[in-house]
Amino acid sequence: MIIEPRVRGFICTTAHPVGCATNVREQIAYVLKQGPVADCPKRVAVLGCSTGYGLASRIVATFAGGADTIGVSLEREPSEKKSASAGWYNNRAFEIEAEKIGRSPLTLEGDAFSDEMKKNFIERVREKFGQLDLLVYSMAAPVRTDPDTGKTYRSVIKPLGAPVEIKTLDTETGEVFQTTLEPASEEQTAATVAVMGGDDWKRWIDQLADAGVLAPGFRTLNYTYIGSELTWPIYWNGTLGRAKVDLDSKAEAIRGRLGADAARVVALKAVVTQASSAIPVVPLYGTVLFKVMKQLGLHEGCIEQIDRLFRTKLGKGVALDDAQRVRVDDWELSPEVQTEVSRRWPLLTTETLGELADLGEYKSQFLRLFGFGIDGVDYTQDVDPRVVPG
């Protein structure tokens with residue numbers, strides 16, 4: 001079948017197997033070009049391993065760090081006439097390439113929030129690795145069912161206390177407009193913390209520790225985004241900010257159990273993901289940020305960010321912020337970048353977007369998530385959606 005992108009709002013319902021595999025190989029090529037990562041953990045787990053920062057972490061650990069990895073992600077399988085999720089293709093393309101260099105990856109596909117997956121994961125770790133040296137938590141799901149109560153929580157992206165009027169962008173039409181967001185209720189705020197806070201991360205670490213599968217010196221990282229003051233009205237000062245405060249609290253609790261360096265929240269830069277595309281103001285901010293950072297020679301995507309994290313930010317003595325987080329958003333939040341982004345922000349209109357921002361880059365990066373718009377891929381070719389090319 002011929003697979004084309006079908007985009008509705010911030011959702012693409014199709015993915016291209018050849019494009020996804022090519023995208024994975026390009027990320028691997030970038031990492032290999034940078035050379036080996038010294039002292040990389042050798043037994044690495046990545047929760048949320050199939051796209052974005054999670055996939056990049058698995059690639060860097062394997063191809064620069066010489067690690068064997070176990071990944072977990074929730075995917076949609078293909079059929080004869082329907083494509084799989086992009087992550088389904090990415091997982092298999094990654095495994096094909098990792099096996100070529102003698103690594104032995106393992107991927108579990110299912111609900112990482114469930115205790116059933118945690119038990120299965122522990123069994124496979126015992127069989128294949130014995131113990132883990134590093135666990136990366138890179139989950140971005142809008143819904144979570146609490147294993148203890150069976151209650152399902154749905155996160156919301158809203159301000160707190162009072163309505164907020166913000167400037168935002170329709171990425172399909174390029175229209176810049178003002179919108180008003182109503183505040184979240186206490187119930188909605190609590191639900192967002194339950195889904196996007198640190199409860200599931202801590203639950204994973206506690207169960208792994210109880211099972212004895214954490215090696216001496218084990219470390220865990222949880223990826224987050226904090227952003228700049230331009231996004232804070234909906235981000236840090238909203239329901240998402242409450243979830244991030246909870247995340248910091250859970251990191252402290254894990255350190256209390258496992259040691260002072262055992263758990264770190266890692267603040268990363270803004271990139272295009274399906275999750276971030278759904279957040280009001282973030283796509284508009286991203287289009288401006290990307291243009292400014294590219295002009296200054298500072299732009300990074302997921303693979304560049306995670307490669308820099310593993311090479312420069314994971315050793316002993318790395319500077320932490322006041323909340324004990326590792327900061328890899330330092331280039332985004334540098335004065336030279338933020339001063340220029342802030343200068344352009346009030347000037348942004350539908351008419352000035354092309355001059356001040358880079359909507360084309362944003363759209364291109366969004367489509368790449370699903371294997372589209374990648375150089376060297378013939379999208380007119382008939383492909384079997386059930387087959388990942390090796």
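Contact, as I use the word here, means heavy atoms within 4.5 Å. The model is predicted, so to speak of local features I need pLDDT of at least 70, and side-chain atom pairs count only at pLDDT 80 or more, while totals for chains, interfaces and linings use all residues. Residues are numbered from 1 along each chain as its sequence is written, and side-chain values use heavy atoms, with hydrogens and water left out.

I'll start with threonine 171. Leaving aside neighbours within four places in sequence, threonine 171 is in contact with Pro283, Leu359, Tyr362 and Lys363. Threonine 171 lies in the loop between β9 (164–170) and β10 (175–181); strands here are DSSP runs of E, at least two residues, and helices are runs of H or I, at least four, numbered from the N terminus. Is threonine 171 buried or exposed? Its relative accessible area is 17%, so threonine 171 is buried (under 20%; exposed is over 50%, partly exposed in between, with a 1.4 Å probe and protein chains only).

Next, the helix pair. The axes of α1 (residues 17–34) and α2 (residues 52–63) come within 10 Å and cross at roughly 45°; axes are lines fitted to C-alpha atoms over the stretch in contact, with angles from 0 to 180 degrees between N-to-C directions. The two helices are therefore oblique, the class left over after roughly parallel (under 35 degrees), roughly antiparallel (over 145) and roughly perpendicular (65 to 115). On the α1 side, Val24, Gln27, Ile28, Val31 and Leu32 meet Leu55, Ala56, Ile59, Val60 and Phe63 of α2.
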